[in-house]
Amino acid sequence: MSNIRRLVLDVLKPLSPSIVDLAKQLADIQGVDGVDVSLVEMDAKSESVKITCEGENINFNDVEAIISDNGGSVHSVDKVSSGSTIIEEVPTHQDTESTLA
Amino acid sequence: MNFLYKFTEKLKEYREISKVDEIARRYFVMNGFDGSLTILGLLIGYYLTNFKNPIVIFATGISTCIAMGISGLWGAYLTERSERISNLRELEKATISNLNDTKIGSALRFATIVVAIIDAVAPFITAFFSLIPFLFTKYLDIKTCYYVSFALTFTALFVLGVFLGRTSKENLFISGMKMVIAGIVSVLISVLLIRNF
């Protein structure tokens with residue numbers, strides 16, 4: 001089976017551990033080359049974050065385990081790129097029309 | 001070595017998640033203060049009644065230390081645990097997930113144990129510190145033991161005050177003296193009561 005090269009997740013997590021710690025731990029996973037964690041929304045006790053992982057061969061279960069261990073839960077898998085190269089999403093005619101509207 | 005590094009990193013992480021430092025510091029001073037004042041009260045009582053048996057003084061002192069330690073251990077463990085579990089449940093509601101088997105759950109258990117140990121050890125240490133002179137009754141007469149013990153108790157109170165002053169970045173001497181004054185008030189009330197008994 002082919003490898004995962006990019007993974008974008010929508011995660012709900014407690015405020016502590018911070019996104020700094022979470023990003024470092026995710027970056028330590030074997031097969032992950034880089035991580036981006038962006039804050040989307042913040043509450044009194046929790047926060048929604050968008051996690052983007054890139055690497056040669058990302059193991060989804062390892063990523064999910066780190067997130068769970070830090071008290072987070074994956075709400076949705078927003079994007080997955082796999083194969084020998086990363087293919088960016090191509091805008092189609094419909095996308096352009098909706099943008100114009 | 002690698003295991004030790006991982007272990008200390010884990011403890012550091014738990015400390016940060018549970019924010020245990022602040023509460024542990026507070027418990028340490030509060031219970032250390034309790035330990036010093038309790039033993040001061042005991043010693044003042046013995047001194048004013050002209051009690052001269054060092055074995056009895058040390059034995060009652062040490063059993064008081066143990067009782068305070070056990071009280072601290074049980075009390076802090078149960079109260080801290082219930083408080084933290086209630087916070088965890090609220091956090092679970094907010095994140096809509098079970099956090100028991102996560103780092104947050106482990107940090108909770110870690111913090112509860114640390115706080116309970118500090119709550120037990122602090123009064124034991126400060127109280128035992130005041131009893132040390134009574135271990136040397138072979139070399140010191142009983143009156144000297146009492147005086148050295150009082151001096152040690154006031155020193156412990158002063159050091160606890162300085163520790164608080166360092167935390168709040170206030171004048172260390174004034175902060176230390178505030179604690180010493182509590183000891184003096186305790187002694188004065190005891191003297192007035194016992195002398196008029």
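The questions and answers below concern a predicted model with chains A and B.

Biologist: Which elements does chain A have, and in what order do they run from the N terminus?

Modeller: Chain A holds three helices and four strands. Its C-alpha atoms fill a box of roughly 45 × 35 × 20 Å along the principal axes. From the N terminus on, the order of the elements is β-α-β-β-α-β-α.

Biologist: What is the order of the strands in the open sheet of chain A?

Modeller: The pairing in this sheet of four strands is antiparallel. Strand S2 (34-42) and strand S4 (73-82) of chain A each pair on one side only, as edge strands. Neighbouring strands are turned against each other by 15 degrees on average, direction ignored. The order in chain A is S2-S3-S1-S4.

Biologist: Which residue of S4(A) is the bridge partner of Leu12(A)?

Modeller: Strand S1 of chain A covers residues 4-14. Eight bridges join S1 to S4(A), and the two run antiparallel. For Leu12(A), the bridge partner in S4(A) is Ser73(A).

Biologist: Which helix of chain B packs on the sheet?

Modeller: Helix H1 (residues 19-27) of chain A packs on the sheet, where it touches S2 and strand S3 (46-54) of chain A. The direction of H1 makes about 150 degrees with that of S2(A). A helix of chain B also packs on the sheet, touching S1, S3 and S4 of chain A, with its direction at about 130 degrees to that of S1(A). That helix of chain B is H3, residues 54-95.

Biologist: What span is expected for H3(B) at 1.5 Å a residue?

Modeller: H3(B) has 42 residues, and its first and last C-alpha atoms are 59 Å apart. Just after H3(B), Ile96(B) takes a positive phi of about 50 degrees. The 59 Å reach of the helix is close to the expected span, which is 62 Å.

Biologist: Which element gives the most residues to the side of chain A that touches chain B?

Modeller: In the contact between the chains, 13 residues of chain A meet eleven of chain B. The side of chain A divides into three nonpolar, six polar and four charged residues. S1 and helix H2 (60-69) of chain A are the elements that give two or more residues to this side. The one that gives the most, with three residues, is S1(A).

Biologist: Are H4(B) and H5(B) roughly parallel or roughly antiparallel?

Modeller: The axes of helix H4 (residues 103-131) and helix H5 (residues 142-168) of chain B come within 7 Å and cross at roughly 150 degrees. Angles over 145 degrees count as roughly antiparallel. The two helices, H4(B) and H5(B), are therefore roughly antiparallel.

Biologist: How many nonpolar residues does the contact of H4(B) with H5(B) have?

Modeller: H4(B) contributes Thr126(B), Phe129(B), Ser130(B) and Leu131(B). From H5(B) come Ser149(B), Leu152(B), Thr153(B) and Ala156(B). By class there are no charged residues and four polar ones, and the number of nonpolar residues is four.

Biologist: Is Ile66(A) buried or partly exposed?

Modeller: Ile66(A) lies in helix H2 of chain A and touches Gln25(A), Leu26(A) and Ile29(A), leaving aside residues up to four places away in sequence. Leu26(A) is 40 residues away in sequence, yet the C-alpha atoms of Ile66(A) and Leu26(A) are 6.8 Å apart. A buried residue needs 20 or more other C-beta atoms within 10 Å. Ile66(A) has 19, so Ile66(A) is partly exposed.

Technical notes: Residues are numbered from 1 along each chain as its sequence is written. Chains are lettered from A and ligands numbered from 1 in the order in which they are written. This is a predicted model: local features need pLDDT of at least 70, side-chain atom pairs count only at pLDDT 80 or more; totals for chains, interfaces and linings use all residues. Two strands pair if DSSP finds at least two bridges between them. Axes are lines fitted to C-alpha atoms, for helices over the stretch in contact, and angles run from 0 to 180 degrees between N-to-C directions. Two residues are in contact if their C-beta atoms, placed from the backbone, lie within 7 Å. Angles under 35 degrees count as roughly parallel, over 145 as roughly antiparallel, 65 to 115 as roughly perpendicular and the rest as oblique. Ala, Val, Leu, Ile, Met, Phe, Trp, Tyr, Cys and Pro count as nonpolar, Asp, Glu, Lys and Arg as charged, and the others, Gly among them, as polar. A residue is buried if 20 or more other C-beta atoms lie within 10 Å of its own, exposed if 12 or fewer, and partly exposed in between; C-beta atoms are placed from the backbone. The expected span of a helix is 1.5 Å times one less than its number of residues.
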